[in-house]
Structure formats: structure tokens, C-alpha cells
Amino acid sequence: MIRQVESGIDLNRGIEMATLSLKTTLFVILLAVGLHADAVLGDETRDQKLPRQEFQSQATIPYREQKFTGNVGTSYKNSDPAQFPKPVSAPKGAPNVLVVLLDDVGFGQFSVSGGAIPSPSMEKLAEEGVFYNRFHTTALCSPTRAALLTGRNHHVAGTGIITELATGYDGYTGMIPKDTATIAEILRQNGYITSWFGKNHNTPVYQTSMMGPFDHWPNGLGFDHFYGFMAGDTNQIRPFLYENQTAIGTPQGEDYYLSVDLADRALQWLQNAEAVQPEKPWFTYLAPAATHSPHQAPKALIDQFAGKFDAGWDEYRRQTFERQKKRGIVPGDAELTPRPASLPAWDSLNADQKKVYSRMMEVFAAYGLHVDQQVGRVLDYVESLPDADNTLIIYIVGDNGASAEGGLDGTLNENAAFNAYQMTLDQILPRLDEIGTEKHFNHFPAGWAWAVDTPFQWTKQVASHLGGVRNAMIVKWPAHYSKGGQIRSQFTHVIDIAPTILEATGVSEPRSVNGTAQTPIQGKSFLASLSDPDTPETRTSQYFEMFANRAMYKDGWWAASMAFEPWALTRAEFDPITAEWELYYLEEDFSQAKNVAKENPEKLEELKALWWARASANKALPLDWRGPERFSAELTGKPNLAGDRTSFTYRGRFSGLPEGSAPDVKNKTFSVTAKVQIKDRANGMIWTQGGNTGGWAFYLKGGKLYAAHNHLDVERYIVQSESQVPGGKRTLEMKFDYKGGNEMGGPGTVILLVDGKKVGSGNIEKTTPFKYSVSENQDIGTDTGTPITYDYQTPLNFEGRLEEVSIKLDGD
């Protein structure tokens, strides 16, 4: 009974019921799932599992501490010789493991998979290793990363969505549960040293402050060393960085770029590991921010692409598709899928549109080439090591498809979309030359995201179609398989990475980790396919879900139901029960171009029923298709360290408090009061939340008092005092009276006061409703990120003595 429900071998009852109303069918399916959910989930994890050899690791970790078992006399002279506890050793011959994961990459983006963006380092790796052209992700970053680290489906790993949009249901908490231990934790407790460099988007936003808790930070997820940023994205030139659990702030060096820094740090760590413990294998996870927005790169690289994309996105797809076929990455009989009706043809655009869109793609291409170069430095170093042949490299070229979150016109500020605001071409054109610099969180138009997802339909977020979930992957392990330059077409998924690493390292899957019984790993090792191109697929079925975009794959068939286009900022009512489904047979339709639902109604009903069963068993329910409003802690009830407090006091300089842990001043009346001692013509930041993507600043400049609000990098409002603030002990105050009522993002009035006396006032016509930034912070006495307004330069350290800063909400 259990296997029948899980595998679909005996779904006759579900299919027969399909002749009844769809809602009745759903009720029967969910009733069965409710009775057998655990069995369904467990069967999925074990069906067609590759046989394992006996390993020396144990099923319960950590290992028991060793105690001295000899005789102890009255002194060392009549005692047995002392013996120190022996450290746990990795299995004999266990390889080093390097996992590289890029961000927001289309299948047809880089030259390694036929795209127009050069990727010499990836191409070299593919020539030496094996290229997988049917590898799949989850359609969004945090979920893919949780699935990668744990080997479980993203909902089972608590990460059905990015942590900023978490809702609190088990599949959507935004935190990896203790019963889904990471591959790093398993390897660390089996004799590996572990490290993580780059993006961490798997810690709940309300746990990223300097006060923790730290059990969901990288060090708490099994990594001995972490260096990177704690957010979904960050300014590539002005990031706020952490080393382990310590905030180290924003690098101030000239010509700084995050990708270079991450490569430098990874190289240094590997050098240290090889110098100090060359006999001990290492596991390194390198997760650059590229090519997620903001798209930023050195000017010299951007200039190399001048005019390269003037032919537009339709021509890009045609040329890329031809290259993909020539390389054998796409079968010769594959069809190029058409442009979505809501995306304009390139030839229909006017001159200004083409100018802006081409420039944005030039910057994006430079960004991609830059990260390829920096990751290439790490790959070159690994290749130079004495144990290079016994190093397993898994290079995942994107955690989802290319991002269309820039909207139809592109944007100077990705965060605007998170606040349900779409920039217009007229707002972008005057600042065209600033694109690619630290001044903006720019993102190219959706048309380019669709283009670099060639040959598939749609983009990031759309888990129903391959443009959202099909990414390239390159694997190299010379000691296991030395013939390079080949292509593998076995259907694989990101949850299969962890068990593949376990099989390669000789470490058994534990049943208990740190006292917590484990949910079995759901991934299936594909290691055999590395050396055998004809090995059968170990993954014959997989469900997909993101923002209610759904798909079910089984034995070559793919059922798909799309909820919303990814550039839809606001999302109306939607009924997942009556939503339309499509059907594709991928064994004969690589690009997902032929919808055969009408010809195969029974197969479609079978896969729909199976999707609901898998969704329930894997905690993907309830479906939630809401957009930007899920960023709001007020609307979703997400925890906040600020809690229900309305009064906050900070003494002295206090920087780096993430927005999710800071007082929420959005959509309400609030005040900021500072007790200071200053000299005449003083300068300095008093309080700021956010940065160049949105937020507030309260500061002194040239002795005058200022309050500024950045509305999504679209409009900046500055209120200043009528005269300079005299030196001495002063009380400086900024009051914001919100006039928006129940409306979010409404207007208000700022009043500036010195020692209780009004010295300036002004109107703020629009405020940022949901999110100031994904990666900027609240700072007191300094500005660690990008400025709210370019009226000042960061860090704008406070000159004088900042005794106390108090924030009060709702006029208290």
C-alpha cells in the first residue's frame, strides 16, 4: 500500500476519481496522504537507492568521547602510559570536496553551455570533467541552498521560500531544522575540516544580529570557518561582511570587488589547510554573490562588451541555441521555445529602450566574466595541489534560472520590486553611466533573463518550467574518472549532491546527529554516472513548487502549472485547485516546447494526483503565492528582536544591526533623539537604516542638522536645519509624523529640533513600505554601507561624543 501510493505504480484509485470533480479528487488524495505521509516521504527517499558498501563511520554522531582505559596508580611511575584521545579520521582515501554555487544564472548564459558570456574557467573544467545538462534546482536561492546542504527537499529543510518571506509553517520557517543535518556537519564529525565562503541566505533574518542565536549561522551548520555576507544579495563594492560570528564591516579599499575578496579568502584558507593538516581532507563551499543583482563589475570589463548585445534578446536566443546544438548540450531535434506574449520583441523597442537594455546586458556580461575569472583562480590553485587528482569538484552554475525581477524595463534598484514598485525607463536613462557602479542595485530587464535561459521557457521563480529550475553542472574527480569533455543527461536534482558526496567520501548517512533523529536524506547519489554515461537514472521522479508554480516529474513526463509571471509585482486571487496544467514528455522534448496535455489526459491526472501527494508529504502546503507583502513582518508575524517594544536606547557607536532585528519604523510615526557633545561645524551620522536602495538617515553635515529619506532610489527627500547647531552639549531630535493612515508607503512630515526648539521641517511625499534593503543595516554613529543620499559620503563617522540615541515608535 505504501509503495503503491508513493511510486504511482497503483494510482488507479486517484485516476478513477479524476472523473469526479477535481476538489473531490483532491480530498481523497490528501486523505490518503494524511494517513500515510510519513510512509510516502520515507519511500521516496529509499526507492531505487544505490547499494552502499560498509563504511567505517557510524550511524550516530558525534562519536563517543574517548576515555583513558589503562591503570591509574598513585603517580605516573606506577600508572600505565598516558594516551591522548585520538581524533576522528576520515575514511581512508577520502577526497577533498569543493562545491561551487553561482547565483541567478540562466542555462544559456555562459559560453560553457552555449551562451554569449565568456567563461574560460568553466570551459576548462568541463573539458577536464563531465557536464550535466539535466540538472535541476528549486527556482529560488535559499531553497536551493538548503536542499544542497541537507540532501532533503527544500520544504522538508524548512526553506520553501527565502527567509525574508517566511510565514511560519513547517515548510516555510526559513530555518534548516535540526533533523536535517547538513553535509558539512556530517563530514566535520567524520574527520573533515570545513569552510564556507560567500553568500549565506540560510539564517532567519531575525537571527542575523550580533546577538545571534548562532546555531543557524554557518558555524552552527557544520562549517569550521565562514567568511561572507548574511543576506540574499549585497553590493559587490560595498558589502557588509562577517568572519565566523563576528561582523567585520565594509571593506574600504580602492578597487574592491567581493568576488575577488572571496577568492582571496578561499585561497588563503586552502593554503593554510594544506600547510597545517595536509593529511586531513577538506570540504569547501564557495558561493559567490554573482550573478545576482546588483550587477556590478570593473569598468574595463564592462567596456569589453560595448555593442556586443545590440542585436537584442531574440537574436541572442537564436545564436545561443545554435551553439548549444553544435556543442551537443542540446539535442539536434530540440525546439527553441517562443517568447512569452507579455515580453516585447526586440525589434518593437524604441531607440532609448534598446540603449538602456543593451547597456544593462553589457554590465551583466562583465559581471559574469568577472566571477568566472575569480572562481577560476581557486580552481587553478586546487589543480596545483599534491592531492588534486583526489579532489571532487562540483560546480553548480546557478541556484536557479536567470532573474526576471528587474521587470520589463529593468531597474536601478532591485529592492523597488520587493516594495511593489517598478522603475520606468525615464527614471533610468539619465543615470545610464552609473549602472554597474556602487551607486545602484541595478538589474537588467526580464527580456534578457528569458534570453539567457535559452532554450527554455520562463525564468527564476517559475518552478513549473525548466527556465526556472534547469541549471548546468560540471563535475570533476580525476581519481575516479579522468576522461573529460563528456556530457551526461541523467535527470538529477540539487538534493542529490549531498548523497553523492557521502558516497564519494565513504561516509555513511547518519540516523542521529547531535542527539536528534534524522529525517532520511531524500537525494540519490549520481556518482555512478560520472564514470558510466549509460548508467540508469537514480532519480526517476521529483516534485517542484515555488510561489504556487508547480511541477511533477516522473519517468520522463513533466506536468506543469504556472501561477504568475515572475515580473508580476502584485498578485491577484488565485485558485490552485482549478489552475490549468500542462504536460510535456521530456524524453522526446528536451526544451519543454510541446504541451501534450490534450493527448494524454490520464497521464496528466496521474501526475497531478502525485504532485498533491508529494506536496503534502514534503510540507509544501499550504500554497502561498503572495509577493512583496510577505516581506512585511507586520503582515506575516515574523519574529523581530525588537518585539513589541516601542522604545529603544543605544549608547555610543552601535553598527551593523540588520533591518530584521532593528526597530521597524516603516509606515508609522517615530522619533530619534540623540544626546551629544560636539564642536562647531560638526559632521557625523547619528542614526541610519538602509542605504542606496531605500531608508532613513539623521546626521550632521557642516554643523547643520539633516534628515533624509530614500524612496527606493527613485526620490530622495532631504530636510535640513535653518542654521548650524552650536557646539556644546546638545539634544538633537528628528520627528516623523506619518500621514498615511493604514496605507503602506504613505507620506509624512519631518520636524528637526535642537534642545527642544524647532529648527527645520519638511514633507516626505512617499516612504518605503516593506523593505529598505536585503543587506544594509541600522547604524548609530557611523554608516557602514551605502549612503541614503549622496549628499554625504560613508562612513560619515560621528565627530564628537555620542552619548545616547533613543528611538521611539508611534509617538510614544
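Aspartate 261 is buried, its relative accessible area being 11%; buried means under 20%, exposed over 50% and partly exposed in between, with a 1.4 Å probe and protein chains only. This is a predicted model, in which local features need pLDDT of at least 70 and side-chain atom pairs count only at pLDDT 80 or more, while totals for chains, interfaces and linings use all residues. Residues are numbered from 1 along each chain as its sequence is written, and side-chain values use heavy atoms, with hydrogens and water left out.

The side chains of aspartate 261 and tyrosine 227 are joined by a polar contact of 2.5 Å (a pair of N or O atoms within 3.5 Å; within protein, one must be able to donate a hydrogen and the other to accept it, and residues adjacent in sequence count only if both atoms are side-chain atoms). Apart from neighbours within four places in sequence, aspartate 261 is in contact with Tyr227, Leu241 and Tyr256, contact meaning heavy atoms within 4.5 Å.

Aspartate 261 belongs to helix 7, residues 258–276. Helices (H or I, at least four residues) and strands (E, at least two) are DSSP runs numbered from the N terminus. The axes of helix 7 and helix 10 (residues 351–384) come within 9 Å and cross at roughly 10°, which makes helix 7 roughly parallel to helix 10. Axes are lines fitted to C-alpha atoms, for helices over the stretch in contact, and angles run from 0 to 180 degrees between N-to-C directions. Angles under 35 degrees count as roughly parallel, over 145 as roughly antiparallel, 65 to 115 as roughly perpendicular and the rest as oblique.

Helix 10 also packs with helix 4 (residues 120–128), at an angle of about 45° and with the axes 7 Å apart. Helix 4 and helix 10 are therefore oblique to each other.

The protein chain as a whole has 18 helices and 30 strands. Its radius of gyration is 27 Å, close to the 28 Å that the globule rule gives for 812 residues, so the chain is as compact as a globular protein of that length; the radius is taken over C-alpha atoms, and the rule is 2.2 Å times the number of residues to the power 0.38. Of the 812 residues, 63% count as buried.
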